[in-house]
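Hi,

Here is the structure I promised to pass on.

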Amino acid sequence: MRLILLGPPGSGKGTQAQRLVHKHGIVQLSTGEMLRAAVAAGTPIGLQAKEIMANGGLVPDEVVVGIIADRIEQPDAKKGFILDGFPRTVPQAHALDELLRKKHLKLDAVVELRVNESALLDRVEKRAEETRARGEEVRLDDTPEVLTKRLAQYRSLTEPLIHYYSERRKLLTVDGMMTIEHVTREINRILTAIGALEPKAAESAKSAAAARKPVKPASRPAKKAAATSRAAKKAAKGAKKTAKPARKAAKVAKKAKKAAKARATGKGRKTAKKAAKKLTKKRAKR
């Protein structure tokens with residue numbers, strides 16, 4: 001499963017990415033972290049990026065794409081990945097498409113978390129007030145002013161990606177204003193619907209969750225019914241045992257009756273035969 005999460009700052013992309021990582025065993029690829037790792041590892045592309053950053057320049061798209069190309073070759077990314085922070089622009093999306101084509105990989109979906117910007121600003125203002133109330137210093141990047149700038153940048157640079165991926169039938173939109181749990185469920189539902197998640201795996205995850213769920217103790221009526229059922233079974237078993245000797249006695253009686261009848265029939269025939277002989281002798285005398 002290979003995904004991109006789209007959405008303005010504060011839309012919950014990081015939270016949902018982590019949930020997908022833990023649930024499906026894929027990796028989250030952050031461009032910032034990948035750049036730092038490549039520089040630390042001293043790879044050819046990392047050394048190139050290090051020189052650019054040391055001079056205060058922005059790392060060009062081709063260098064970032066090169067770092068992504070190296071990263072997705074690593075074993076932990078074979079099962080799938082979520083790209084975080086890339087692509088940010090349409091040219092970067094083109095470069096990513098070309099990279100995936102060369103690697104014979106397919107992008108499964110681009111999930112857009114759609115949110116209300118005014119609600120995001122209200123959220124940040126409230127968070128800043130709570131931070132001040134606790135006597136703590138508000139982070140420079142966690143103020144309505146900074147968020148307003150970041151939102152403007154998102155609209156001008158990144159929002160065109162919504163149209164770009166919609167044209168390619170890769171875009172899936174989720175209401176990011178729902179609760180975190182609802183957003184997670186909806187993302188998993190649509191990923192299963194498009195076949196990005198194996199239905200069997202999804203069912204296994206569901207069964208595992210059900211198995212982990214504690215079993216509720218049986219209610220009183222259920223316990224009573226179970227006890228009655230056991231008693232009925234026991235009584236039936238006892239009746240069966242009692243009936244067995246009776247059936248045996250009846251069988252013996254039947255056999256005795258049959259034998260008696262046979263004896264009686266044999267004796268009657270003998271008597272009749274004797275009487276017939278006597279009668280024949282009498283007639284002969286006459």
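**How the helices pack**

Helices H4 and H5 pack at an angle of about 35°, with their axes 10 Å apart. A quick word on terms: helices (H or I, at least four residues) and strands (E, at least two) are DSSP runs, numbered from the N terminus. Axes are lines fitted to C-alpha atoms, for helices over the stretch in contact, and angles run from 0 to 180 degrees between N-to-C directions.

Before going further, please keep in mind that this is a predicted model, where local features need pLDDT of at least 70 and side-chain atom pairs count only at pLDDT 80 or more, while totals for chains, interfaces and linings use all residues. Residues are numbered from 1 along each chain as its sequence is written, and side-chain values use heavy atoms, with hydrogens and water left out.

Back to H4 and H5: their crossing is right-handed. (A crossing is right-handed if the near helix is turned clockwise from the far one by less than a right angle, and left-handed if anticlockwise.) On the H4 side, Asp61, Val65, Ile68 and Ala69 meet Pro91, Gln92, Ala95 and Leu99 of H5; contact here means heavy atoms within 4.5 Å. By class, that contact has six nonpolar, one polar and one charged residues. The classes are simple: Ala, Val, Leu, Ile, Met, Phe, Trp, Tyr, Cys and Pro count as nonpolar, Asp, Glu, Lys and Arg as charged, and the others, Gly among them, as polar.

H4 (residues 61–71) also packs with H3 (residues 44–54), at an angle of about 150° and with the axes 10 Å apart. Here H3 passes H4 in a left-handed crossing. Ile45, Gln48, Ala49 and Ile52 of H3 meet Val63, Gly66, Ile67 and Asp70 of H4. Those residues divide into five nonpolar, two polar and one charged.

**The sheet**

There is an open sheet of five strands in the order E2-E3-E1-E4-E5, with parallel pairing. Two strands pair if DSSP finds at least two bridges between them. E2 and E5 (171–175) are the edge strands, each pairing on one side only. From one strand to the next, the twist averages 25°.

E1 and E3 run parallel and are joined by three bridges. Arg2 stands opposite Phe81 in E3, and Leu3 stands opposite Ile82. E2 and E3 also pair in the parallel sense, over four bridges, and there Gln28 has Ile82 as its bridge partner. H2 lies across E2 and E3, running at about 80° to E2.

**Two backbone spots to check**

The peptide bond from Phe86 to Pro87 is cis, with omega near 0°. You will find Pro87 in the loop between E3 and H5 (90–102). The other spot is His104, with a positive phi of about 60° although it is not a glycine. His104 lies in the loop between H5 and E4 (109–114).

**The largest pocket**

The largest pocket has a volume of about 950 Å³. On a 1 Å grid over the protein atoms alone, a pocket is an open set of points where a 1.4 Å probe fits, with protein on both sides within 12 Å along at least five of seven lines, and lining residues have an atom within 4 Å of a point. Grid points are joined across faces, edges and corners, and the volume is the space filled by probe spheres set on the points.

Which residues lie nearest its centre? Of the 35 lining residues, they are Gly85, Phe86, Arg88, Arg150 and Thr158. H7 gives the largest share of the lining, five residues. By class, the lining has 16 nonpolar, 14 polar and five charged residues.

Cheers
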